[in-house]
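Morning, everyone. Please take a look at the structure on the screen, and I will walk you through a few parts of it.

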Amino acid sequence: MKRIVRKAILTAAVAVAATMSAGAEHLVILHTNDTHSNIDPTSEGLGGVLRRKVVVDSVRAAEKNVLLVDAGDVVQGTLYFTLYRGEVEHKAMNAIGYDLATLGNHEFDNGATELAGLLRNDNATWISTNYDVDESPLAGLVVPYVVKEYGGKRVGFMGLDIDPKGMISARNVKGIKYIDVYEAAEHTAWSLRHNEKADVVVALTHIGYSDKERANDSILAAVSKNIDLIIGGHTHTPLNPADPASLPTVIKNAEGRDVVVAQLAWQGTTIGKVDIDLDSKAISSSVIAIDKRLDDRIDDDMRQMLSPYSNKVDSLMSIKVCKTTARLEEQSLINIFSDMLMEQGRKLAGEKVDLAILNNGGIRNPFPKGTVSEGNVIMTIPFENTVVVLRIKGEALARALAQMGKRPMNGLSGNADVTYDPAKGECTEIVINGKALDPDKYYKVVTIDYLADGGDYLSALTEGEVIAKSEHFLARDIADALKKVKKPLKPDTTERLHH
């Protein structure tokens, strides 16, 4: 691995910006993460790319040195991505004027080849230090680091991205070699500091703030020696020095020096602002709300650019599917969808099935109170997954349920009652159709192809045999099932997988 990291550092192209005004003392970094295709404001009236541009333009007008960066997951989660496969999001990035970005796991949702097509048209430089892309469609489109210079001061940027295994379908990252986050960070940060003479080293990451089982920003900060600032994404962790409830935004590194860590929630409802004094290396961070107060300054050229795309999105939002008695959040939706999968699985297999399994990561938006449209369904379950029926041995199913138990609110059909013990890392009780799970029996389990392939770290499901598969994406199957529901849907927050 060390050889691969060193090779990337020594041989890959490095983008070095032209020196700016010699009098520069500060660099302002504006940052976003996990905007997830939220081109328009959310249902709560927050965010929107038109408003974001207003903030970016105003800061650029007030400050000498401004850099706009994104920490991954630009796409996936609204109809814009479903319909236009990333075109709108990347056009918006160009219109707002992003300078740097790193790769989130959802960047790969349509595969590396489609992603490469999007990156070729981007003005931003894409960075990943721990993905070797030389043998993939991304070759020549992603660099391992960038150095920029402001008034004689040099700032080095590297990108650190999540381990694809268990998170991204293997076929979508074919040819990309993953390098351990901490190893890549150690070598690259040292090289930026000593070889590239960087005065400040910034890690732009998509690994999450504090995932206890995997590499994360809080550990990266603590074990580092040469990183000054981490701007992260993936876990949608809102870090804000002005909020007493915020998780730590400053962490001591391995040598006792401060590392500033910044990350926002998701959907682009805020934008982060980091100010770096390039002489003293003092770093401060803050968060700016993106709301309706900005609407009177929206850029009309960008509005017109988005208009043709918005029209088709609006048309899908007008197709009615069902009604609800209240706003339905993640737990209710995953219960409702899991129960619907039981019937879908029975039709696919042509016989009774035993259990349905869904992942909470597949639920991206709530259902509104009142009328639910086809557009709402697609935004709630936007991924191109299909329903499959597995034949799997009880012993492997028990391990899969234990793997599910590590992440709260994963979904089971209502005929199951499972208790997971975090201390033991296993399920202490598994009841299906009123009977305890038999480790030697074979069960028919309805799920989606992503999970059947071991996605969301459910590796035990790969031991099952696919015996039936839907011809449609999950959103289509769920929409068809919802159209048959006679009464308005009610909240169902029952936990079927207990902790």
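**A short tour of the model**

We start with His234, which is found in the loop between β12 (229-231) and β13 (250-252). One reminder before we go on: this is a predicted model.

Most residues other than glycine have a negative phi. Is His234 buried or exposed? His234 has a relative accessible area of 18%, and the cut-off for buried is under 20%. So His234 counts as buried.

Now to another loop. Asp34 lies between β2 (26-32) and α2 (49-62). Asp34 is not a glycine, yet its phi is positive too, at about 55°. Asp34 is buried, and its relative accessible area is 0%.

Next, how far can we trust the coordinates? The average pLDDT of the protein is 94. Of the residues, 95% score at least 70. Now look at residues 1-24. Over that stretch the pLDDT is below 50. The stretch still has 49 contacts in the model, beyond near neighbours in sequence. Be careful with those. Where pLDDT is low, the predicted coordinates should not be read in detail.

On to the helices. Take helix α4, residues 87-96, and helix α8, residues 300-316. They pack at an angle of about 180°, and their axes are 11 Å apart. Angles over 145 degrees count as roughly antiparallel. So α4 and α8 are roughly antiparallel to each other. Which residues meet there? From α4 we have Glu87, Val88, Lys91, Ala92, Ala95 and Ile96. From α8 we have Met302, Met305, Leu306 and Tyr309. By class, this contact of α4 with α8 has 8 nonpolar and 2 charged residues, and no polar ones.

Here is a second pair. Helix α9 covers residues 330-349, and helix α13 covers residues 474-483. Their axes come within 10 Å and cross at roughly 90°. Angles from 65 to 115 degrees count as roughly perpendicular. So that is the label for α9 and α13: roughly perpendicular to each other. On the α9 side, the contact involves Phe337, Met340, Leu341 and Gln344. On the α13 side, look for Leu474, Asp477, Ile478, Ala481 and Leu482. The contact of α9 with α13 divides into 7 nonpolar, 1 polar and 1 charged residues.

Now the strands. Find β20, residues 386-393. How many of its 8 residues are buried? The count is 6, so β20 is mostly covered. Which strands pair with β20? One is β26, residues 465-473. That pairing is antiparallel, over 5 bridges. Within it, Thr386 stands opposite Phe473. Another partner is β25, residues 442-448. Here β20 pairs in the antiparallel sense again, over 7 bridges. Lys393 stands opposite Tyr442 in β25.

One last stop: Ser285. You will find Ser285 in strand β16, residues 283-289. With a relative accessible area of 18%, Ser285 is buried. What does Ser285 touch, leaving aside its neighbours within four places in sequence? Its contacts are Pro241, Val260, Lys273 and Val274.

Notes:
Residues are numbered from 1 along each chain as its sequence is written. This is a predicted model: local features need pLDDT of at least 70, side-chain atom pairs count only at pLDDT 80 or more; totals for chains, interfaces and linings use all residues. Side-chain values use heavy atoms; hydrogens and water are left out. Axes are lines fitted to C-alpha atoms, for helices over the stretch in contact, and angles run from 0 to 180 degrees between N-to-C directions. Helices (H or I, at least four residues) and strands (E, at least two) are DSSP runs, numbered from the N terminus. Angles under 35 degrees count as roughly parallel, over 145 as roughly antiparallel, 65 to 115 as roughly perpendicular and the rest as oblique. Contact means heavy atoms within 4.5 Å. Ala, Val, Leu, Ile, Met, Phe, Trp, Tyr, Cys and Pro count as nonpolar, Asp, Glu, Lys and Arg as charged, and the others, Gly among them, as polar. Buried means under 20% relative accessible area, exposed over 50%, partly exposed in between (1.4 Å probe, protein chains only). pLDDT is the predictor's confidence in each residue, from 0 to 100. Two strands pair if DSSP finds at least two bridges between them.
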